[in-house]
Amino acid sequence: MAHAQTTTRKKLIADWQTLNRIFIRPEDDVARKALVKYMEQILFGLHDFLQRHVGITEEASLKVLADRFTDTRLSEQPEKRLADVISDLVNEIAPHAVNVASPYFIGHMTSAIPYFMVHLKTITAALNQNVVKAETSKVVSVVEKQVLAKIHRLIYQKNDAFYAEHVQSPYTALGGFTEDGTLANITALWVARNGLLPPKDGFTGCESEGVAAGFKAHGIERCVILVSRLGHYSLCKAAGVLGIGNRNVLAVDVDRHNRIDLNAVKKIMAAIEAEGGRTRILAMIGIAGTTETGTVDPLAELAAICARHQIHYHVDAAWGGPTLMSRKYRHLLNGIQNADSVTIDGHKQLYMPMGCGMVYFKSPYILERIAYHARYIARPGSVDLGIKSIAGSREANSLILGSALQIMGSQGYALLIEHGIETAQAFADEIRARALFELVSTPELNILTYRVCPPGFKQRLQTADTDLQKQLNAQLNEINRQIQVRQREAGNSFVSRTTLYPGNCLENPVVVLRAVIMNPMTNTQILNEILDEQQAIYRQMKTGS
Ligand SMILES: *Cc1c(COP(=O)(O)O)cnc(C)c1O
C-alpha cells in the first residue's frame, strides 16, 4: 500500500493518505509517473525473464510449490511495496508458471500472443468499463455490437441490409461475449433449452417454472444432446447446469477420421423416435475442430438433419472458428452458416489474452429467450448488454478483439491459421517417416495425435486379434505415458497426452501424444527436435536409465 515515492524502508502502514494516492487520477503527475514506471518494470522484467528461460517451466514440482503457499492468515498491515510485489511476481512466480509463449510448448490451445494484446488489455483495465449496462460503458456497448456483427458476418455472411438493420438495434442481438468457450456453449444450450420448453397454455416457460414443469407441460420425460465422443466436457457441464442431466449428453460414435458418424446419428435418432415422443432432442452439436484431434464434423450434413427434424443445431467452433478468415481453408467449415448457434473462443486462435469466449446466433431474435429485464437495470429496448448474457458485470473484451482485428486484418489471422495447418501437415509427414513413431490422427486443422510405436509392435499389431491388440496397446500406453511425463519434467518442451478409442472400442484405449501447432514460431526444425527428444527418452527407458 506504500506509495511509489517512498524509498526508505520504513514500516508499511495502511493509512488514509496513502490509500488516496493509489487510485488512478489523471490530473496527478505523480500518479502518472508511477503508472509508467511500474509498467516498464513489469514489461521489461517479463521480457528479460522470457529471454533467460527458453524452457517451459522450472523444475520444482507442484507439491514442492504447494508447500510454499500454505500461510492462510490475512496480514492486517501492508506487507510489501508495489515494486517488491512486481519483482516477486517476475522473479519468483513467473519462473514457476508455464512459458506458454515458447515455440516448444505445443501441447495445449494456449500460446504466445502478439505483444499489442498486453497493451490492449491494459487499456481495458485502465478504463474499467462495465459492459453490463450502457450507463457504465456507453460507447463500449456499441463497439461491442459492431465487433459482434463483424464476426457474425464472417460466420453467416448475411447481406448488407441485414447488418445495417441489426448492427446497432437495441431490440436484437447477433451474439455475445462470454468469459470462455464453456460459458458460450452453456449460453447456446440455455437458448436451445428454453426453445424446446417454451410457454404454452397455462405454462409460462421453463425459465420461470423450471425444467420439471416444462417437461410436464410438454409431455416429455427427458431431453438429450447429441455430440460425438470427442465433444468437449463443457457440454456436460451445460447439461448439468441447465437441469437436463449430463448423462443425457449422448456420445455418438466417430468414423475413421474422428468425425461424427452420420449413420450412428441416424440410429440414435430412430431409437429416440421409437420411444414415441417421450424423449426429445434438445440440440445436435457439430464440432469445428475437436479439442483432441482438431477434426471437423460434417457440418453441412448435420445441418440438413437438424433442419429436417427441427432440432437446434449448435456448432462448437471454439477452436476452429477463426479458420473462416483463411480463404484457403474456410471451406473446411462449410455448413457452419446453417448453425442456429456457434461458439468461438477469442483466447484460442484469435490470440487474445485469457479469457474471451463468444457465442453467435443465426437469428437476431433468439436471445430474447434468455432476456432478463430487471427493473432497475434494463428496460425493454435498452441497449444494456447485460440483459442477454449469463454474466452480469463484464470487462470490455470487444475493445481488445475489435482493435486486434484492425491491427491484424483478416489476412493477418489467415496467415497464422495457414501456418498452423501447413506446419501440422509437415509434422505429420515427419512422424510417418520415422520408424519409431505412428501417426494416430491425421491433422485436418492444426492438431494431430501420434505415439511411439516401435517397429516390432507395429508388425505384431497388424496381425493381432482383438485380445492381443489390447495387450500390445496397454504396453504402448505405458511407454507413451512415461515418455510424455519425462519430457514434461525435463522442461525443455511440452506435448500433451490424451486417450483415444480407435473404432469406438472403449475396451481398447490408445494413449496418444497430442500436438497443437498455433505458435507462429513453431517450425519443422523445432518439431524435429521434439521428436528427437522423445526418441532419446525412449532409448533411455529401454536401457533402463
Ligand atoms: C477449448 C474448447 C472449449 C472450451 O473452451 P474454454 O474457453 O476452455 O472454456 C469448448 N469446445 C471446444 C471444441 C474447445 O476446443
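This is a predicted model: local features need pLDDT of at least 70, side-chain atom pairs count only at pLDDT 80 or more; totals for chains, interfaces and linings use all residues.
Biologist: How far is a polar side-chain atom of D345 from an oxygen atom of the ligand?
Modeller: D345 is listed among the closest of the residues that surround the ligand. A polar atom of the D345 side chain and an oxygen atom of the ligand are separated by 2.7 Å.

Biologist: Which helix gives the largest share of the shell around the ligand?
Modeller: The ligand is surrounded by 15 residues. They divide into 3 nonpolar, 8 polar and 4 charged. The largest share is 3 residues, and these come from the helix spanning residues 181-196, α8.

Biologist: Is N194 buried or exposed?
Modeller: N194 is part of helix α8. Buried means under 20% relative accessible area. Because the relative accessibility of N194 is 7%, N194 counts as buried.

Biologist: Which residue has its backbone oxygen 3.1 Å from a polar side-chain atom of N194?
Modeller: Apart from neighbours within four places in sequence, N194 is in contact with C206, E207, R369 and I370. The backbone oxygen at 3.1 Å from a polar atom of the N194 side chain belongs to R369.

Biologist: What distance does helix α16 reach from its first C-alpha to its last?
Modeller: Helix α16 covers residues 466-490, which is 25 residues. At 1.5 Å a residue, a span of 36 Å is expected. The model is close to that, with a reach of 36 Å.

Biologist: Which residue just after α16 takes a positive phi?
Modeller: Within α16, the buried residues include L472, L476, I479 and I483. Elements such as β9, α15, β10, β11 and α17 are included in what covers the buried residues of α16. Just after this helix, a positive phi of about 80 degrees is taken by G491.

Biologist: What separates the C-alpha atoms of M39 and I86?
Modeller: M39 sits in helix α2, residues 29-52, and is partly exposed, with a relative accessible area of 27%. M39 and I86 are 47 residues apart along the chain, and their C-alpha atoms are separated by 9.8 Å.

Methods. Residues are numbered from 1 along each chain as its sequence is written. Side-chain values use heavy atoms; hydrogens and water are left out. A residue is near a molecule or strand if one of its heavy atoms lies within 4 Å of it. A polar contact is a pair of N or O atoms within 3.5 Å; within protein, one must be able to donate a hydrogen and the other to accept it, and residues adjacent in sequence count only if both atoms are side-chain atoms. Helices (H or I, at least four residues) and strands (E, at least two) are DSSP runs, numbered from the N terminus. Ala, Val, Leu, Ile, Met, Phe, Trp, Tyr, Cys and Pro count as nonpolar, Asp, Glu, Lys and Arg as charged, and the others, Gly among them, as polar. The expected span of a helix is 1.5 Å times one less than its number of residues. Buried means under 20% relative accessible area, exposed over 50%, partly exposed in between (1.4 Å probe, protein chains only). Contact means heavy atoms within 4.5 Å.
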